[in-house]
Amino acid sequence: MRVRVAIALTAVTVTVLALPACSAETAKARPSTVSSARAGKPADTGQDGAPLASAALQKRLLDESDLGSGYLRKQERPSQHDDVTVLGCPALNELGSDAATGGSLGFPRQAKAAFTYTDGSNSEIAEELYSNTAQQLSDGIGQIFDAMTGCATYQVVSGSARIHVASQAMAAPKLGDEQWSQLLTFSAGGQDTVVKQTAIRDGSVLLIVSGSPALVDRHLGKALTKAAATS
């Protein structure tokens, strides 16, 4: 399987290119000394439930009623096809230009949603759901996080735009079967945007929540509860 993605950059890089610091957090992420963001038990070949269809995943996404007042759903951006180069991180560059501008994990069963929190801070939160075998989900997301957290700093170049990225592996909450988490600081146009991204694999479902660190921490648990529901 060719992994076509870089999740943290999935909804973020294009936003930063167009609107620097649209969901600004002023804290600066420091380069990490942690070699991997993975935690939890490795995926095995046991029964983790059949993969879910995209339509079923769509119903398991958070919506405004789950998040509470002040959240507005964003329209999905069209796919970007600009030429992109990753500088200073060979492992991430090897994943291809889609890894730096969006795209998604190469799993056909998927659903996505993104929201703006209109509390005056213009904070954002995005959710992605994927379904496949446990082993394929684990391998796919693990490859991405290992590449991104393996480079403390790198640059993403698209046309005349240049984004400096600092990555830091974070301890993930002990939820689901496997967990990954990272903090990224995107610097462009004299502004910093800090994004937290946490991924949880629960059986044959992979949940990825990205955005303002406070919003990710606030809504991760309810997102997993809804994503992993058995009915």
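Author: Buried means under 20% relative accessible area, exposed over 50%, partly exposed in between, with a 1.4 Å probe and protein chains only. This is a predicted model: local features need pLDDT of at least 70, side-chain atom pairs count only at pLDDT 80 or more, and totals for chains, interfaces and linings use all residues. Residues are numbered from 1 along each chain as its sequence is written, and side-chain values use heavy atoms, leaving out hydrogens and water.

Now the length. Helix α6 covers residues 134-149. Its 16 residues should span 22 Å at 1.5 Å a residue, and the end C-alpha atoms are 22 Å apart, which agrees. The expected span is 1.5 Å times one less than the number of residues. Helices (H or I, at least four residues) and strands (E, at least two) are DSSP runs, numbered from the N terminus.

Next, the loop between α6 and β6 holds Cys-151. Cys-151 forms a disulfide with Cys-89, the sulfur atoms 2.1 Å apart. A disulfide is a pair of cysteine sulfur atoms within 2.5 Å. The two cysteines are 62 residues apart, and Cys-89 sits in the loop between β3 and α4. The S-S torsion is about 80°, so the disulfide is right-handed. Cys-89 counts as buried at 1% relative accessibility. Cys-151 is buried too, at 10%.

Ser-131 lies in strand β5 and is buried, at 0%.
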